[in-house]
Amino acid sequence: MPLESGLAERIVNDIAGVDPTARQAPVTLLPALELALLHLWRRRRRADGSLTHAAYEKIGEVTGSLSVWCNSALGQLPVEQRYMARRILTALVRPADEDNGIPATRRIVPLPRLRALTTAPDLEGPVADATFDTVLAALTRHRIVTTGTTATPGTPSGEPAAELIHDALIRDWADLRDWVAQDHRFQVWLLRATEQQARHAHSGLPGDLLDGSLLAEGEEWADQRSLPTDITSLLEASRQHQQSALRRTRRINITLVGMLVLALVATGVAFSQRQTVIGQRDRAASAQVAGVAQSVRRTDPQLGRRLAVASASLASTPESWSALLALHNQQEDDALKLPGFVATESDLDSTGQTFAAAGGTRVEFWNVQTRKKISSYTAPARVHRVDLSDDGETAAVSTEDGYTRLIDVAGARLRSAHAAYRTAKQDNGYWPSMAVSPRGTYLMVETTNLDMKSTLVVWDTRTARKIVTLSTSALVFLLMDSSFSPDERVLSLPASGGKPFTWIDLRAKTNMKKLPVPFPYYGLKASDIEGPVVFSPDSNLAAVRAKDGRISVFDRSKGRASVELTGAEDPTAYPLYFSHDGRYIAQNGRIWEVSVTSSGPVMRYSTTQSECYTRTALRFTADDSQLRCAGTDGVVRSLDVRAFTKPPKENVGLTQEGVVSSDWRTLALNLGTDIEIWSLASRTKRFTVTSRAQDVGYPVEGIQLSRDGRRLAVLAGTTIEIWDTGGKKGSRLGSLPILRKDQHSGTTTAFAFSPDDKALAVQAVTRDGTNVLTFWDLTTLRRTRQVRADLGYPGNGGAVFFLPDGKSVIAAPNFGRVAFPSGRVVTKGAPNLEVDSVSDDGTVLYTYPRGFRSYVRLWDAQTLRPTGEDLRTGPVSPPLTAPGRATAVSPDGRLFATVHQSELGYQTKVWDSRTGSELGVPPVGPLNEIVALAFSPDGSTLTSVDQHGSFFTDTIAPTRLIRDLCARSGPLTEQEWKTHIPDIPYRKTC
């Protein structure tokens, strides 16, 4: 038989390449090789009968023929036996470990265990056994599964077992990959339960039984699936242990309370001690419930919020406060799980409002926002695919009787005319792919024959007429790479011959009219493009994904590219979606701002296919406030993205430094020579003052506000300007000559107002190590005292500030505590006294973290010695011109806020100094460099201002957090309370 040159070697190399670590080719590839050679023979060259490279590539090479072989084998089974075949195949796959990047692999399963796992709920006894034997024999006969007697860990020697013929099946058989993904949650639970059963069988300890979410999930699966005997026994033992533990706890509590009451009555102090015991019990329960709230906050945000509030209602603990903040600040907003319904196929409309879920012959339509069912449709046969129109009004439902039907969602009935289209399974074992247009006017169907020739047909559902037929033998996905504009005026089809797309005008009454395609710039070639054209809601913009993680956006009205975005997932099956205002593009958990050229994403959020399946990937809600998706587990998840799609207004240009007055009323922003004065409460600008820094040849190097915000000091070279900022417009009062011009270079300077605004303290350290502390009278603008000493140059700069009583000044690090106005050194400083601020009561000094310093340190203001333990915050990311602005302390000294650089910008973290740990999770948002950070006077909120003058205010106080969470999710129900807090009587939480 003639072969083209190199073909034999190529086939051998392909077989060997399946498992490069093996010393010889696996015999399990013989069926695939046999099938590949058969298809090669059928596609031999007619002229001379030669087997060619082109034909070999067309059949998908050796491993590519596996899918055809396996689909053909399953297609020969009766319909009622395919369910069991699918269960057998997925049971023979060890689930992927997505956290550690370990892919799914085949595994050996003993036949008794396999039989127990794959029995259908409606089959019992001999019928179930006979069906299992028939299906397993068919899979073995077609060499998809092999059987034998294998000794594996935990398996008796010689016990019959089964396994897949090769891992290539999992990698190259698309249908099996889909089944494995849909069964992933069950298989992961089964694997964990099996490991727990092995531990319990070895130890016999109650602690190795199932508990918590593992037990709850097992009870759920036991109602839906058949389980092996050992797992069923483990579940029953775990249930009994949990119930006995609850009974024992109740008896102990009753006994303790009874004994306590008797003792208290006897001693006459019953009430106070009882309250103490109850308080201790409630605090312990509060911490436990807060932990549960944290554990479910991603999977069930609504329940998490209610539990966090319940935790706070039990007791005010650091754990409850942390849970309140975490649930308040997190992006995960909601998760809708359909009650009593396991979905195997699902889809969302373009706004994430309407959700279609199919399981068996049942299709349900739900309003995600209201969590109410819209309608329910019963199909004539098992549903294998459902697709919603973008407007959510039409659903295309493909069933195993070989038809796709168009369903009116509101009434769950067939559309009045032209509602059914023939989409039978093809000879190669594949079901046709299908999709409905944005308004339900058109239906696209793609088929592939045995010669791997793909054909796309577009139907006009108003007339049941084929308007487009497109065929190709190239390795392209016609349907996946096709798209409609939202107004259904343009149909974009993949093209060939070096062209990226073909655009068809669907408004043409007769022949389809081709439209010009504005090809993207930035050096893109047609071969660079991955996936279909995606149109903005107004159809004016179009975007395509390209190689190397690029997204090219082009303007249809101008006929040219507008921006190129970077950082897309490459390669990926997740599609692109525009926001409804056209300003943003989302791909899975990433968001880009369309108007910013050469920009990376402003948001990244990690998901898995079980959380967000590729066909139901994250898309924007109608108001662009959320992203929604549906996972392979049938749960609809919602993410709050308002911080990214509706960011605060940018008020100024580039700000170098921001200062907040101690009374939190006034904000000063340093823009260079201009300093803007803002009212912090109303977020309104009052006026702008212009420094004379340029007149003296120096930039503005720093600013300070007095405690009440009525005075402003501006450092410019060798002088400090004093401004009156208490009126409707600022007025310059004068300047203080703090240095000679020859002393400016290399000098560090710090300055601060006295509590009564009548004096200014200035510390300057020159390059030769001379420390100079000067006091100035601001009524006369004259110097009243100067202290000089050769104390050395501070390596990390210096600081100066008054203590609240106005009688002392901290001049750090070297002078220490200095009496005012005499200038007498009361307590000497030291080089390590690198402090930044003082507590409101004047008893504690604070050292703030820096990029090189990862802690907050507390000092006794009288002795200037460290007190207490350092608060470990990690390095911070302060503004270059004002390092101390990256940290703030609450008025009571308990909380600290720090600024840290994140993957996409900056974020603020809140720390509890009592526990030394972070509270909650950082608020989300595309923050630029933070130039000002301050708690409100009552400590209830934290305000940060970035370098563009955007304000961000985050709620901190538990009372406000509880109010917000109650408004969003309501109170914990009595049933939920009984489930999670069974030993404490129900309390109203909201």
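The side chains of Arg853 and Glu834 meet in a salt bridge, with an N to O distance of 2.5 Å. The two residues are 19 positions apart and lie in separate loops: Arg853 in the one between β52 (844-847) and β53 (855-860), Glu834 in the one between β50 (825-828) and β51 (837-838). Arg853 has a relative accessibility of 6% and therefore counts as buried. These values, like those that follow, come from a predicted model.

In total, 34 salt bridges were counted in the model. Asp183 pairs with Arg225, and the closest N and O atoms of this salt bridge are 2.8 Å apart. Here 42 residues separate the partners; Asp183 is in the loop between α9 (174-182) and α10 (184-203), and Arg225 is in the loop between α11 (212-222) and α12 (229-267). Asp183 is buried because its relative accessible area is 8%, and Arg225, at 9%, is buried as well.

A further salt bridge joins Arg987 to Asp282, where the closest N and O atoms are 2.7 Å apart. This pair spans 705 residues, from Asp282 in helix α13 (residues 270-296) to Arg987 in the segment after α18 (974-980). Asp282 is buried, with a relative accessible area of 6%, whereas Arg987 is partly exposed at 25%.

Strands β29 (residues 584-587) and β30 (residues 590-593) run antiparallel and are joined by four bridges. Within this pairing, Ala586 has Ile591 of β30 as its bridge partner. Two residues lie between the strands of the hairpin, and Asn588 takes a positive phi near 55° there. Strand β30 is also joined, by two bridges, to strand β31 (residues 603-604), again in antiparallel orientation. In β31, Arg604 stands opposite Arg590.

His900 belongs to strand β56, which covers residues 895-902. The relative accessibility of His900 is 6%, below the 20% limit, so the residue counts as buried. The His900 side chain reaches the backbone oxygen of Pro875 at a distance of 2.9 Å. Apart from neighbours within four places in sequence, the contacts of His900 include Thr873, Gly874, Pro875, Val876 and Ser877. Also among the residues in contact with His900 are Gly905, Tyr906, Gln907, Lys909 and Trp911.

Methods:
Residues are numbered from 1 along each chain as its sequence is written. This is a predicted model: local features need pLDDT of at least 70, side-chain atom pairs count only at pLDDT 80 or more; totals for chains, interfaces and linings use all residues. Side-chain values use heavy atoms; hydrogens and water are left out. Buried means under 20% relative accessible area, exposed over 50%, partly exposed in between (1.4 Å probe, protein chains only). A polar contact is a pair of N or O atoms within 3.5 Å; within protein, one must be able to donate a hydrogen and the other to accept it, and residues adjacent in sequence count only if both atoms are side-chain atoms. Contact means heavy atoms within 4.5 Å. Two strands pair if DSSP finds at least two bridges between them. A salt bridge is a side-chain nitrogen of Lys or Arg within 4 Å of a carboxyl oxygen of Asp or Glu.
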